[in-house]
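Me: I have a structure open and want to go through it with you. Can we take it piece by piece?

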Amino acid sequence: MRVVKGCSFTYEHYKQTLLRAVKEGYAVIRALDLLEEEPNDKVLVLTHDIDLSVQKALRMAKIEYDLGLRSTFFVRVSGLYNVFDVENKEALRQMVEWGHEIGLHFPLEFYLREGCDPYDAIRIEKELLETALSIEILGFSLHSTGRLQRMCGDKLPEIRDVLLKAGFRYSRHHLVKRYGLKFVSDSNRYWRDGCLCLHLGAEPRILALIHPFWWDEEDLPIITLIERAIRGNVI
Ligand SMILES: [Zn+2]
Ligand SMILES: [Zn+2]
């Protein structure tokens with residue numbers, strides 16, 4: 001992993017990275033915005049998968065809002081947290097009010113293992129999320145893409161295309177392909193291609209996937225983040 005001095009999973013580093021992107025002329029946008037207008041020469045599409053905690057996502061949403069930026073948060077319906085929980089629902093609605101986009105983060109792997117029809121499953125999850133938040137969901141991202149790739153192989157693109165037909169305008173993967181974006185992700189709290197900040201200036205068109213759960217005030221070990229989440233009841 002390439003890490004330069006100063007890189008960390010802290011809110012401060014996240015903030016500084018976004019500020020630098022803006023200063024360097026990147027249009028920092030939501031996934032949905034790509035569909036609305038032809039992207040700038042320099043674009044940073046900011047997306048997040050909420051796998052563990054809506055409350056930590058709210059924190060990141062506030063940081064972006066305070067900087068005058070908006071992003072897309074992909075939300076689990078069949079995950080560890082409950083989108084119908086009052087606090088979670090309020091947090092997600094607050095994010096929408098701040099101008100962020102909410103999409104669906106879909107565990108395709110789970111449904112395939114269970115022998116369920118993924119088209120029916122994603123349609124139902126979409127409807128549940130729309131009902132919980134009284135909004136229309138336009139995009140989705142897939143959970144555990146590495147494992148899915150191994151599980152589905154050549155069939156995965158075909159399955160993705162089928163899922164898109166369940167009333168979506170885009171999937172994150174389709175956007176990356178269609179617009180030739182550089183995909184930069186902190187999946188498993190590991191920057192496979194180096195921290196997002198290292199790509200600024202080097203890559204003109206970036207789609208970033210940031211998991212809010214890995215980030216905090218201090219650069220903390222994964223186990224501490226999980227322990228704190230359980231004790232502090234932020235899941
Ligand atoms: Zn960095
Ligand atoms: Zn995920």
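**Working through the model**

Reply: Glu130 is a place to start; it sits in helix H6 (residues 118–133). Helices here are DSSP runs of H or I with at least four residues, strands are runs of E with at least two, and both are numbered from the N terminus.

Me: What kind of model is it, and how are things numbered?

Reply: This is a predicted model, in which local features need pLDDT of at least 70, side-chain atom pairs count only at pLDDT 80 or more, and totals for chains, interfaces and linings use all residues. Residues are numbered from 1 along each chain as its sequence is written, chains are lettered from A and ligands numbered from 1 in the order in which they are written, and side-chain values use heavy atoms, with hydrogens and water left out.

Me: Back to Glu130, buried or exposed?

Reply: Glu130 counts as buried because its relative accessibility is 18%. The cut-offs are under 20% relative accessible area for buried, over 50% for exposed and partly exposed in between, with a 1.4 Å probe and protein chains only.

Me: What is Glu130 in contact with, leaving aside neighbours within four places in sequence?

Reply: Glu130 is in contact with Ile135, Glu136 and Ile137. Contact means heavy atoms within 4.5 Å.

Me: Where does Ile137 lie?

Reply: Ile137 is in the loop between H6 and strand S5 (139–142). Its relative accessibility is 0%, so Ile137 counts as buried. Not counting residues up to four places away in sequence, Ile137 touches Ile102, Gly103, Leu104, Lys126, Leu129, Glu130, Gly167 and Phe168.

Me: How many residues are in the largest nonpolar core?

Reply: That core has 33 residues, and Ile50, Leu92, Ile102, Leu104, Phe106 and Leu129 have the most contacts inside it. H6 gives the largest share of this core, five residues. Another core lies apart from it, with 28 residues, among them Tyr26, Cys195, Ile210 and Trp215. A nonpolar core is a set of buried Ala, Val, Leu, Ile, Met, Phe, Trp, Tyr and Cys residues joined through side-chain atoms within 4.5 Å.

Me: And Ile102, which residues is it in contact with beyond four places in sequence?

Reply: Ile102 is in contact with Phe73, Val75, Leu92, Met95, Val96, Leu129, Leu133, Ile135 and Ile137.

Me: Which residues line the largest cavity?

Reply: They are His13, Tyr14, Thr17, Trp191, Cys195, Leu196, Cys197, Ile210 and Trp215. H1 gives the most to this lining, with three residues. By class, the lining has seven nonpolar, two polar and no charged residues. Ala, Val, Leu, Ile, Met, Phe, Trp, Tyr, Cys and Pro count as nonpolar, Asp, Glu, Lys and Arg as charged, and the others, Gly among them, as polar.

Me: How much space lies in the largest pocket?

Reply: About 1,100 Å³. The largest pocket is lined by 40 residues, and Thr145, Gly146, Ser185, Ser187 and Leu209 lie nearest its centre. H7 gives the most to that lining, with five residues. The lining divides into 15 nonpolar, 15 polar and ten charged residues.

Me: Last one: how many helices and strands does the protein chain have?

Reply: Eleven helices and eight strands. Buried residues make up 52% of the 235 residues in the protein chain.

Terms used: On a 1 Å grid over the protein atoms alone, a cavity is a set of points where a 1.4 Å probe fits but cannot get out, and a pocket is an open set with protein on both sides within 12 Å along at least five of seven lines; lining residues have an atom within 4 Å of a point. Grid points are joined across faces, edges and corners, and a volume is the space filled by probe spheres set on the points.
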